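Work through the exercises below with the sequence and the model open. Each task is followed by a solution in steps.

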Amino acid sequence: MGIYLSKPNIVLVVFDTLRWDFFQRFLSGDYVFSETLKDFVSCETAFAPTSWTLPSHFSLFTGLYPSEHGIHESPDSEMDDIYRRSVKWKGNFLTQTASELGYQTIGISANPMISGLTGFDKRFDIFYNVDMGVLFNFNRGYRQGSIRHETTKKSHRDFSFFKSLSPFYALMKREKSHIVSVLRGYPKNKGHTMAFSFLQKTPISRPFFVFFNLMEMHDPYSQIFFQDNNFLILRDLFAIHTLSRRRLKSYQMAYFRNIEQIKIFITNLIDYLKRKGLYGNSLIIFTSDHGQAFKEHNYYGHGVYLWDELIHIPLLIKFPDNYVLDRNDLNYVNLVDLYHLMKAVMEDNTELARFLNHDQTFAESFGMQYSKSSLRKYVRSTSKAYDIFKEANIPRKSIIKNGIKLTINGRSEVEEYSSLTKAKIHDLDFHAVNDLLFELEIFSGNTGFNIDKSIIADGFFGSNE
Amino acid sequence: MEKKESLLSLMAKEKIARAVIEDALTSYVRPAILWSGGKNSTVVLHLVKEVTAKLGLKLPPVLFVDHGDHFPETMQLISEVSKKWVFNVVVAKNEDVLNHINGDKIYINDLSEENQKEARRIGFSEDSFPYSLETNVCSYLLKTVPMNSVISRYRFDALFTGVRWDENPDRSTEVFISSRENPHHVRIQPILPMLEKDIWEYILANKLPVHPKYQEGYRSINGMHDSKKVSNLPAWEQVLGGTSERAERSQDEEEVKERLREWGYI
């Protein structure tokens with residue numbers, strides 16, 4: 001065993017856009033995969049603090065909700081401003097703590113939003129961008145040039161000697177993965193093998209904290225070569241060109257089938273850690289940053305809303321060998337709690353249950369996260385689109401407590417009042433609802449999000465089972 | 001040495017307090033007001049109420065530490081004012097300790113593991129302690145521990161308190177906004193320069209709700225068993241007599257307060 005085993009290693013894998021229910025369904029149908037995960041404790045009540053990547057990751061790395069770290073959308077903010085704020089953000093970031101505690105920090109991201117664009121590269125000792133090429137990024141709504149690939153001085157890039165000699169060869173190789181994946185269809189590798197290879201080639205000499213963001217579950221799910229995914233989402237959202245049921249079904253199928261890629265990654269990673277003798281003394285976390293809506297509530301995509309399909313996420317944790325925790329120790333875990341868990345493990349704190357066992361948790365969103373300038377053309381196109389925009393572009397807060405989820409929007413309307421077990425809530429328990437509203441009101445703080453408690457009497461709850 | 005601002009006018013002190021409160025309200029997401037029903041925290045509550053109204057914000061929730069030995073009038077005052085001024089009250093209470101009062105004692109082994117750890121953390125190593133806010137361990141478990149627990153649970157990042165420089169020399173080094181750890185938050189102390197007479201002038205001028213015990217002659221109010229009145233005159237009339245407002249409190253209690261401050265209470 002090497003010197004780096006003195007402290008637990010930490011492996012944090014975010015499967016971007018993976019929702020809890022689909023993953024559960026996949027697991028229940030795959031006994032072998034379930035066996036692979038037998039050392040992991042699964043939390044069935046894990047939630048993301050919001051429903052899109054950047055604020056969710058900031059919560060994961062700072063232990064703060066979006067309203068607390070401030071990296072989030074607002075009804076009138078431009079995406080570029082949010083990116084700039086995230087680059088400049090100064091505060092306690094997990095990787096900084098990790099470095100101070102002697103950890104080597106390695107970031108591997110296939111998501112252009114978790115990159116130099118948002119300052120993530122500078123926050124790790126080594127940072128790899130899984131660059132899938134121009135066509136792939138165009139397909140995801142990212143223009144070439146919007147993603148900064150510059151990384152820290154210590155970082156590694158996927159440049160081979162031949163690529164650097166021949167720009168044409170480099171271009172062809174970069175686009176090959178996209179072209180091949182389009183031709184093959186789903187399940188589609190969206191960079192996880194490249195991400196894994198980065199870990200394999202990184203020399204490790206001390207306790208390490210490695211973070212992956214993998215995009216296998218992220219849209220687009222379309223096989224159309226040059227289709228801008230945001231274009232498709234926004235045209236559907238604003239009822240300009242609604243997605244057909246058939247197409248939606250095919251996207252759902254593609255999404256579900258791609259969990260197979262996650263299985264491959266997890267199996268490879270666990271094998272690798274075992275082979276290297278690192279498995280036992282590692283804290284390994286598999287989770288997600290948000291879910292994906294397939295129009296369960298007439299919305300396709302993620303962000304904006306806080307429906308269960310958007311914030312209920314899987315969470316699997318394997319604790320280092322000397323930590324004894326079981327399923328009962330994990331209750332209402334939010335990504336903000338994982339920051340405290342990882343920090344505690346880095347600090348050799350063995351009392352971890354208090355970071356993972358809560359009686360309630362929250363989520364919040366602040367409007368539409370899409371670029372306001374790009375929204376304009378859709379919003380102005382029809383009066384219906386304008387109405388939809390006004391309805392969507394407001395803040396929202398959710399609380400999950402005692403098996404009930406309550407979401408209130410900025411107009412003090414109840415958007416969701418549901419049971420986590422999907423059982424119907426037959427009788428309105430005024431005491432329970434009052435308690436949820438009380439908690440939400442305190443959570444809202446002085447962010448200007450006001451809750452009109454008369455909504456209890458207005459009958460909203462009865463119609464939102 | 002005790003720090004006092006004797007020559008600054010009350011109006012200037014009010015302006016300072018409002019500026020501090022406004023700064024805090026615009027800097028922190030989830031503030032709360034520590035309110036005991038006593039005169040100092042009532043002034044802070046009123047000042048915050050006015051500033052929030054000016055800023056178009058709602059009044060932050062009030063954090064009330066229920067140590068189990070309050071006057072019934074305190075509970076009634078909290079209930080009445082919270083309805084009239086419309087704010088949420090978050091009660092910090094160590095039920096475990098209060099449920100294990102055995103006669104007039106509390107046995108450590110009866111307490112939860114968490115409370116036992118907390119007691120050990122401040123160096124307590126005996127088997128039991130008397131149920132009295134005048135002892136370090138009891139005061140710590142009934143005030144500091146539940147208060148910190150509530151700050152963590154509700155993620156309060158700023159706590160308004162009614163600390164004043166002239167209360168005792170320990171407080172004279174306090175600043176308007178100071179950072180605390182475990183749990184991480186800041187203390188907002190907007191009325192530091194106010195003297196006791198300033199407090200009463202402010203309360204009377206603004207017709208603020210007054211705890212009935214002040215009318216009976218108590219100068220400061222804490223637990224039923226450790227607050228003693230020294231005169232039959234209302235507190236505000238005694239102020240002119242020149243006695244210290246904490247004169248009726250025992251030396252033990254002052255020492256306990258000093259320890260509690262070290263461990264994170266106000």
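**Exercise 1.** At what angle do helix H1 (residues 10-27) and helix H7 (residues 196-205) of chain B pack, and which residues make the contact?

Solution. Step 1: the axes of H1(B) and H7(B) lie 11 Å apart, at an angle of about 85 degrees. Axes are lines fitted to C-alpha atoms, for helices over the stretch in contact, and angles run from 0 to 180 degrees between N-to-C directions. Helices (H or I, at least four residues) and strands (E, at least two) are DSSP runs, numbered from the N terminus.

Step 2: H1(B) and H7(B) are therefore roughly perpendicular to each other. Angles under 35 degrees count as roughly parallel, over 145 as roughly antiparallel, 65 to 115 as roughly perpendicular and the rest as oblique.

Step 3: H1(B) contributes B:Leu10, B:Lys13, B:Glu14 and B:Arg18, and H7(B) contributes B:Asp198, B:Glu201 and B:Tyr202. Contact here means heavy atoms within 4.5 Å.

Step 4: by class, this contact of H1(B) with H7(B) has two nonpolar, no polar and five charged residues. Ala, Val, Leu, Ile, Met, Phe, Trp, Tyr, Cys and Pro count as nonpolar, Asp, Glu, Lys and Arg as charged, and the others, Gly among them, as polar.

The model is predicted: local features need pLDDT of at least 70 and side-chain atom pairs count only at pLDDT 80 or more, while totals for chains, interfaces and linings use all residues. Residues are numbered from 1 along each chain as its sequence is written, chains are lettered from A and ligands numbered from 1 in the order in which they are written, and side-chain values use heavy atoms, with hydrogens and water left out.

**Exercise 2.** Describe how H1(B) packs on helix H2 (residues 39-55) of chain B.

Solution. Step 1: the two axes come within 10 Å and cross at roughly 60 degrees, so H1(B) and H2(B) are oblique to each other.

Step 2: H1(B) and H2(B) make a right-handed crossing. A crossing is left-handed if the near helix is turned anticlockwise from the far one by less than a right angle, and right-handed if clockwise.

Step 3: on H1(B), the residues that meet H2(B) include B:Ala17, B:Ile21 and B:Leu25; among their partners on H2(B) are B:Leu47, B:Val48 and B:Val51. The contact of H1(B) with H2(B) has seven nonpolar, two polar and four charged residues.

**Exercise 3.** How far apart are the axes of helix H3 (residues 53-62) and helix H15 (residues 335-346) of chain A?

Solution. Step 1: the axes are 6 Å apart, and the helices pack at an angle of about 30 degrees. H3(A) and H15(A) are therefore roughly parallel to each other.

Step 2: the contact includes A:Leu60 and A:Phe61 of H3(A) as well as A:Leu338 and A:Met342 of H15(A). It has seven nonpolar, three polar and no charged residues.

**Exercise 4.** How much area do chain A and chain B bury between them?

Solution. Step 1: they bury about 1500 Å², 43% of it on carbon and sulfur atoms. Buried area is the accessible area (1.4 Å probe) that two parts lose on being put together, summed over both.

Step 2: in chain A, the most area is lost by A:Phe438, A:Ile442 and A:Asn446, together 41% of what that side buries. The contact takes 22 residues from chain A and 16 residues from chain B.

Step 3: five salt bridges are found across the interface. A salt bridge is a side-chain nitrogen of Lys or Arg within 4 Å of a carboxyl oxygen of Asp or Glu. The side chains of A:Glu439 and B:Arg153 form a salt bridge (2.9 Å, N to O).

**Exercise 5.** Which peptide bond joins A:Asp219 and A:Pro220, cis or trans?

Solution. The bond is cis, with omega about 10 degrees. A:Pro220 lies in the loop between strand E6 (208-214) and H11 of chain A.
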